[in-house]
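Let's walk through this one together, one feature at a time. Ask whatever comes to mind as you look.

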Amino acid sequence: MLDIKKIREDFPILKRQVNGKPLVYLDNAATSQTPQQVLDAIVDYYQNYNANIHRGVHTLSQEATDKYEQARIKIQKHFNAANSYEIIFTSGTTHSINLVANGFASLIKKGDEVLVSAMEHHSNIVPWQMLCERTGAVLKVIPMNQEGELLMDVYEELLNYKTKLVFCNHISNALGTINPIEEIIEKAHKVGAAVLIDGAQAAPHLIADVQALDVDFYTCSAHKICGPTGEGMLYGKEEWLNKLPPYQGGGEMIAEVTFEKTTYADLPHKFEAGTPNICGGIAFGAALDYMNAIGFDEIAKYEHELLEYATEELLKIDGLKIYGTAKNKTSVISFNIEGIHPYDIGSILDKLGIAVRTGHHCAQPIMDFYKIPGTVRASFAFYNTKEEVDVLVAGVLKAKSMLL
Amino acid sequence: MEIKEIQEEIIDEFSMFDDWMQRYEYMIDLGKSLPLINEEFKTDDNIIKGCQSKVWVHAELEDNKLVFTADSDAIITKGIIAILIRAFSNQKPQDILDADTQFIDEIGLKEHLSPTRANGLVSMIKQLKLYAVAYQTQIED
């Protein structure tokens, strides 16, 4: 059993008042809050060993390099990657996806097909559209049903020898659906297609074992998993990372360095041009330490309880409809109330100190699918409580009475 | 009445409210009660896209004064539009150009005019001013 009261003590921001009310933070799918342990790691870096890495002979530089590379190993272990150099530090999921999409421009050709799921975040649609525009490849969409589950039989029909890439999120940010990525990966591999899984929404809730999944690319952002913003990681299988050309400037220089050293030892740096977000990488490692100390099994169990309780309580509200009712889903509830614009509900909830997201959640195709302008989205983390669910429900009722 | 006077009047009205809830209820009432725009003008050309709520604006010149009609799909946005229209419609284009929107802060609705709010209101005010520029040029010609 998680001691939520004690856990909440770790998050200074949760003591804040917003509009004169205690903050009820239910926008965790957008960004998670940061515990003191991670804040301490950030301050420790700048106070005690701030230096540029991988190049200085002086002590501070050595210490910073060690800590940064230790963080890479923490991430490697967390996702069970075979090698630490298969973990590339990026500025986040969007950066990771662009890195891969850009790299594939030289590996796919006109007439090739790439598949993307119907429930992707814009960041997992637009880079592939750009890739298709550049190469003449064709983008095809894996459709979903009303519950927000992918139609796996259609997926199988779409796969063929022309399919080169498949992109799908592990968990949908707008609907909370946990996608059957094992099956998606296995089937894609049968036709020789590579798979990138966007793990941005999954990383805060569960541990993906990249070797067991046999996934080609997996990515997530630190700020959704109690880490800092502007930091993330891309896992890529060694063979793929070797095939992809460098993404950002300094490419020539990197080729030269690669010439002098072994390809293996050089691999992460090929994609890490310039001074990285050193503090961010170290804090990312600290965030994983924090989450693992609490335990992902316990987190998943508790969040599931919150999800069930919140779903049950919200559905008691007359006229409320939940979008995304997959059997396998995480603690995200997207909803609307008949006759009310989500923006109006969000505005009133904000006045009550309740932070939710409203709008299309950067997933316009999903909103088009349901023919709605957007939804109100409440997303729960392990530090949220049932009492906060009650505050949300009371807030929605209040908004409804004011607006209807 | 001049824009400044109307704005003072609105500030006076809002000063009677004790808390945000009363202000919001008033705005929601304004939003509900006003038929703001003729349906035929709710076209894609007249739409101002915020990220979240849509705003439509239409402008016409009558006796050298600019008459605005507008609408939104979100009721709170619509309420604020009603307030903006009250302040800026039926005014000379030059006066609209010279006017500011400080009164929105003073009636406690500042957050809705934040550019990050993505409700189309900031773009709407820009659009009102653009119409004023266009019609001012027309009058001068």
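A: Let's start in chain B: H2(B) and H3(B) are roughly perpendicular to each other, because their angle falls in the 65 to 115 degree class. Under 35 degrees would count as roughly parallel, over 145 as roughly antiparallel, and the rest as oblique. Before we go on, this is a predicted model, where local features need pLDDT of at least 70, side-chain atom pairs count only at pLDDT 80 or more, and totals for chains, interfaces and linings use all residues. Residues are numbered from 1 along each chain as its sequence is written, while chains are lettered from A and ligands numbered from 1 in the order in which they are written.

Q: At what angle do the axes of H2(B) and H3(B) cross?

A: Two packed helices are described by the angle between their axes and the distance between the axes. Here, helix H2 (residues 20-33) and helix H3 (residues 75-88) of chain B cross at roughly 85°, with axes that come within 7 Å. Axes are lines fitted to C-alpha atoms, for helices over the stretch in contact, and angles run from 0 to 180 degrees between N-to-C directions. Helices are DSSP runs (H or I, at least four residues), strands are E runs of at least two, and both are numbered from the N terminus.

Q: Which residues of H2(B) and H3(B) make the contact?

A: Residues are in contact if their C-beta atoms, placed from the backbone, lie within 7 Å. Among them are B:Tyr24 and B:Met27 of H2(B), and B:Ile75 and B:Ile80 of H3(B).

Q: How is chain A divided into domains?

A: The bounds come from an automatic or database domain assignment. Domain 1 is 4-26 + 295-399 and domain 2 is 39-292. Their C-alpha centres lie 28 Å apart, and each domain gives 23 residues to the contact. On the domain 1 side, H13(A) supplies the largest share, four residues.

Note on methods. Two residues are in contact if their C-beta atoms, placed from the backbone, lie within 7 Å.
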